[in-house]
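Hi,

Here is the structure I promised to pass on.

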Amino acid sequence: MFRLAVVLSLCAGCASAPVRPAAPAVLTAQQTLVSAQGLTDATLRYQAQVASPAQGVVERADYELVADGQVVKTGTAKLDVPLEPGVPADIAFEERAPYVKSAQDLTRLSEQGGTLLLALRGTLVVRSGDHEETIPFAASRAARVPRLPIVVVEELDGARYSSEEVQLNLRLGVRNPNPFPLKLEGLTWTATVAGKTLDSGTLAQADTVDASATGVYPVELTVTPDTWGPEVKALIAKGLLPYGVTGEVTGPLLRVPYSLTGEVKLNVSR
């Protein structure tokens, strides 16, 4: 009877002990995708499949987001994905983080060109009963580096209404060389004709230029004795007006000065 009691006691102790799976859970597939990108930040999506020989759950992902070899953000994503023995389960999470810290970084990347490596790495926490294990993961994706916008004169023509009046129609273009929309805060401009300032202003406030597109912003200028000076008649008689436009395009961490010059041939009055 004493021996039987000892055996039963040992068996009871075995039943209460946590049971460790015969083999660990493993990653069977993984990838990182760039689901969204802006001039200064990006959203990465991590997708994977986890297989386990035992029933359990993928509780969470503890991760780092890495851009250009630097950790820019850390975090934890709650997953709670159930695992059935031998059946791969899909998991996924997203994280958004800036990959540009300053205007200087943005300029450096734009001049560097090429691609930027973005990655998500860390560990997946898997629980089976009372047993917890971690699975290391890492997956990266190359994205085009952000590039600074370019300001150009899309169109400029001048109509001579009289010997002392010319109307200039200027269309400034902001070219977005990126494969994603470009958010602008403003486009300042100061226009001169033959060295004299005519007018200034701000365009494109809180505007967005589509991916690989050009935003066009019109400016109307009048050259008269009041705006240019009493010698305007001799200037207009030449039929060719030298002009200049200077300013700055601004946005999040974006500050790009520009200076454009040229000549406009005057058309006959309309």
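Below are my notes on the sheet and the aromatic rings.

Bear in mind that this is a predicted model, where local features need pLDDT of at least 70, side-chain atom pairs count only at pLDDT 80 or more, and totals for chains, interfaces and linings use all residues. Residues are numbered from 1 along each chain as its sequence is written, and side-chain values use heavy atoms, with hydrogens and water left out.

There's an open, antiparallel sheet of three strands, in the order E1-E2-E5. Strands (E) are DSSP runs of at least two residues, numbered from the N terminus, and two of them pair if DSSP finds at least two bridges between them. E1 (26–37) and E5 are the edge strands with a single partner each, so one side of each has no neighbour in the sheet.

On to the rings: I get four aromatic pairs (Phe, Tyr and the six-membered ring of Trp, centres within 6.5 Å; planes under 30 degrees apart are stacked, over 60 edge-to-face, the rest tilted). Tyr-46 and Phe-93 are a tilted pair, because their planes are at 45°, with centres 5.6 Å apart. Tyr-46 sits in strand E2 (residues 41–51) and Phe-93 in strand E5 (residues 89–98), 47 residues apart. Both are buried (under 20% relative accessible area, 1.4 Å probe, protein chains only). Ring pairs also tie Tyr-46, Tyr-63, Phe-93 and Phe-137 into a cluster.

Cheers

Note on methods
Helix = DSSP H or I, 4+ residues; strand = E, 2+ residues; numbered from the N terminus. Buried < 20%, exposed > 50% of the residue type's maximum accessible area, 1.4 Å probe, protein only.
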